[in-house]
Amino acid sequence: PDLGTGLVFIAITTALIIVAGITWRIILPIFIGTAALGGTLLWMALYAQDFLAKLGVKPYQLERIYSWLDPYSYASNEGRHLITSLNAIGSGEIFGKGFQGREVYVAES
């Protein structure tokens, strides 16, 4: 049950399909369908939690989605890593901190 690995495989497969030279008339409907499915699942996570629970989605999985959408409401637990990551990326601004700049560490989960 590792969502991250599945998403990496999906990204690799998508890149291979694009590089393979398949026409956009075939790829575009697949991308639109995938985006619609993802949007529907996100909507269900926000407004139809009971139905997702019947499908087997566990509460901690929903909490990860909620912390991704609003990390500051979950700053003490699930959202802490996202907040520190945003601070680390945002502190570099356009050109970054460089070798001698002040380092911002990302907390381990």
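What pattern does the chain follow, read along the sequence? I read α-α-α-α-α. The count I noted is 5 helices and 0 strands, where helices (H or I, at least four residues) and strands (E, at least two) are DSSP runs, numbered from the N terminus.

I kept in mind that this is a predicted model, in which local features need pLDDT of at least 70 and side-chain atom pairs count only at pLDDT 80 or more, while totals for chains, interfaces and linings use all residues. Residues are numbered from 1 along each chain as its sequence is written, and side-chain values use heavy atoms, with hydrogens and water left out.

**Whole chain.** I looked up burial next: buried residues account for 13% of the 109 residues. Buried is under 20% relative accessible area, exposed is over 50%, and partly exposed lies in between (1.4 Å probe, protein chains only).

**Helix 2 and helix 4.** I then checked helix 2 (residues 24-47) against helix 4 (residues 59-69): their axes come within 10 Å and cross at roughly 100°. The axes are lines fitted to C-alpha atoms over the stretch in contact, with angles from 0 to 180 degrees between N-to-C directions. The two helices are therefore roughly perpendicular, a label for angles of 65 to 115 degrees. Helix 2 contributes Leu-42, Ala-45 and Leu-46 to the contact, and helix 4 contributes Leu-62, Ile-65, Tyr-66, Trp-68 and Leu-69. I sorted these residues into 8 nonpolar, no polar and no charged.

**Rings.** How many aromatic pairs does the count come to? I found 1 aromatic pair, taking rings of Phe, Tyr and Trp (its six-membered ring) with centres within 6.5 Å. The ring centres of Trp-43 and Tyr-47 are 5.8 Å apart and the planes stand at 45°, so the pair is tilted; planes under 30 degrees apart count as stacked, over 60 as edge-to-face and the rest as tilted. Trp-43 and Tyr-47 are 4 residues apart in helix 2, about one helical turn. Tyr-47 is exposed, at 59% relative accessibility.

Is Ser-67 buried or exposed? I have Ser-67 as buried, with a relative accessible area of 6%, and its place is in helix 4. Leaving out residues up to four places away in sequence, Ser-67 touches Tyr-74, Glu-78, Gly-79 and Leu-82. I also looked up Arg-80, which sits in helix 5 (residues 80-91) and is partly exposed at 34% relative accessibility. Arg-80 and Ser-67 are 13 residues apart along the chain, and their C-alpha atoms are separated by 8.9 Å.

Definitions and conventions:
Angles under 35 degrees count as roughly parallel, over 145 as roughly antiparallel, 65 to 115 as roughly perpendicular and the rest as oblique. Contact means heavy atoms within 4.5 Å. Ala, Val, Leu, Ile, Met, Phe, Trp, Tyr, Cys and Pro count as nonpolar, Asp, Glu, Lys and Arg as charged, and the others, Gly among them, as polar.
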